[in-house]
Amino acid sequence: MALTTITTVATTIPEVWSKITNDTREKNLILAPLLDRRFESENAGNPTDKIHVQGVDDFAGNADAFSAGDDPITFTAGAFLAQVDIAISRHYYTAFAVQHDVSLLANIPLAMKFSNKAAYRVSLELDTYIAGFFDANTTTANKVGALGTALEDDDIIESTRILNAANVPFEDRHFYFSTDQDAEFKKVERYVNNDYSQAVGSLNVTHTRGLVANLHGMSWYTSTNVEGSTAAGHDNGFFHREWAAIVQAENLRIEGPSYDLESDSDEYAVHNYYGVKEMRPDHVVWGKGK
């Protein structure tokens with residue numbers, strides 16, 4: 001008996017190309033918003049590629065006694081700290097072109113999709129660059145833990161002591177750590193049970209975009225973009241906002257579409273032009289851990 005099957009009528013069965021795309025997941029890009037952006041105002045209306053930052057020292061050891069009404073007052077010259085320069089010199093971009101026929105016939109908004117991914121790519125470069133500062137900070141004594149070994153309470157307490165000893169303000173302190181380290185914290189009952197959370201806070205098991213908790217006077221953030229690896233350990237960091245300054249002369253400047261007659265295509269580019277500088281080396285602690 002002859003049967004009509006799916007194979008024999010395949011050309012009559014429609015296929016659907018989904019307008020919903022299954023895009024690559026993106027990392028939590030955390031660091032840039034947590035740095036000191038005050039110096040960006042110096043660049044507004046007066047573009048420059050370098051900002052010189054001065055600092056005024058205190059009158060350490062110069063408290064003179066006034067013992068009698070006729071004693072002359074001794075004057076001390078004001079002292080300045082070493083100048084810190086913020087160089088605005090890092091220019092990164094991602095560019096792509098879409099042929100007109102593709103834009104004409106595709107059933108998804110390709111230019112928008114690609115623009116979003118291009119913006120993510122240059123933002124990832126910035127976050128990765130900042131993440132490399134933790135193990136390269138100039139105050140090498142500011143470090144706790146061991147690479148490949150989970151950070152523990154003693155390490156966090158010691159990092160807090162180091163920041164306190166440097167008179168770091170209590171507000172705007174942050175702890176940035178890997179997802180491997182995050183998993184280790186979630187194994188510790190005192191971080192997740194109710195009694196502990198009532199006292200100092202708790203880890204949020206259902207966190208989004210990297211913010212995990214507020215513990216030990218710090219905002220805790222986790223990301224898969226922390227420098228290092230599962231095997232070798234990661235360069236986590238405890239820091240205050242004024243540890244490093246960021247100046248973005250151009251923050252995700254999007255150019256396009258620019259039509260190219262020869263290739264009959266629309267061209268696009270996303271630019272990021274910035275500088276990052278460690279301003280206060282004693283305001284960061286390298287957390288060598290998981």
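Analyst: Let's start with a charge over a ring: Lys117 lies over the face of Tyr120, at 5.8 Å from the ring centre. To count, NZ of Lys or CZ of Arg has to be within 6 Å of the ring centre and within 35 degrees of the ring normal. Arg90 does it too, over the face of Tyr129 and 3.6 Å from the ring centre.

A word on the ground rules. This is a predicted model, where local features need pLDDT of at least 70, side-chain atom pairs count only at pLDDT 80 or more, and totals for chains, interfaces and linings use all residues. Residues are numbered from 1 along each chain as its sequence is written, and side-chain values use heavy atoms, leaving out hydrogens and water.

Now the rings themselves. Searching the whole structure turns up 16 aromatic pairs. One of them is Tyr129 with Phe133, with centres 5.2 Å apart and planes at 75 degrees, so the pair is edge-to-face. The rule is that rings of Phe, Tyr and Trp (its six-membered ring) pair if their centres lie within 6.5 Å, with planes under 30 degrees apart called stacked, over 60 edge-to-face and the rest tilted. Tyr129 is partly exposed because its relative accessibility is 26%, while Phe133 counts as buried at 14%. Here buried means under 20% relative accessible area, exposed over 50%, and partly exposed in between, using a 1.4 Å probe on protein chains only.

Phe175 and Phe185 also pair edge-to-face, since their ring centres are 6.0 Å apart and their planes sit at 75 degrees. Phe175 belongs to strand 5 (residues 173–178) and Phe185 to helix 5 (residues 179–185), so this pair ties together parts that are 10 residues apart in sequence. Helices (H or I, at least four residues) and strands (E, at least two) are DSSP runs, numbered from the N terminus. Both Phe175 and Phe185 are buried.

Helix 5 also holds Gln181, which counts as buried because its relative accessible area is 0%. Setting aside residues up to four places away in sequence, Gln181 touches Thr149, Ala150, Leu151, Asn236, Gly289 and Lys290; a contact is heavy atoms within 4.5 Å.

Back to Tyr129: ring pairs link it with Phe133, Phe134, Tyr176, Phe239, Trp243 and Tyr274 in a cluster. Where does Tyr274 sit? Its place is in strand 11 (residues 265–278), and at 0% relative accessibility it counts as buried. Arg90, the residue over the face of Tyr129, comes back here: the C-alpha atoms of Tyr274 and Arg90 are 5.3 Å apart, although 184 residues separate them along the chain. Beyond its neighbours within four places in sequence, Tyr274 is in contact with residues including Arg90, Tyr92, Leu126, Tyr129 and Gln248.

Leu126 and Gln248 turn up again in the lining of the second largest pocket, along with Leu29, Ala32, Pro33, Arg37, Ser123, Asp127, Asn251, Leu252 and Asn272. Helix 3 (110–131) and strand 10 (244–260) each supply at least two residues of that lining. The volume of the second largest pocket is about 160 Å³, and its lining has 5 nonpolar, 4 polar and 2 charged residues. In this scheme Ala, Val, Leu, Ile, Met, Phe, Trp, Tyr, Cys and Pro are nonpolar, Asp, Glu, Lys and Arg are charged, and the others, Gly among them, are polar. A pocket, on a 1 Å grid over the protein atoms alone, is an open set of points where a 1.4 Å probe fits, with protein on both sides within 12 Å along at least five of seven lines; lining residues have an atom within 4 Å of a point. Points are joined across faces, edges and corners, and the volume is the space filled by probe spheres set on them.

One last stop in strand 10: Pro257 is found there, and the peptide bond from Gly256 to Pro257 is cis, with omega near 5 degrees. Most peptide bonds are trans. In the loop between strand 10 and strand 11 you'll find Asp264, whose phi is near 50 degrees, a positive value in a residue other than glycine. Asp264 counts as partly exposed because its relative accessible area is 25%.
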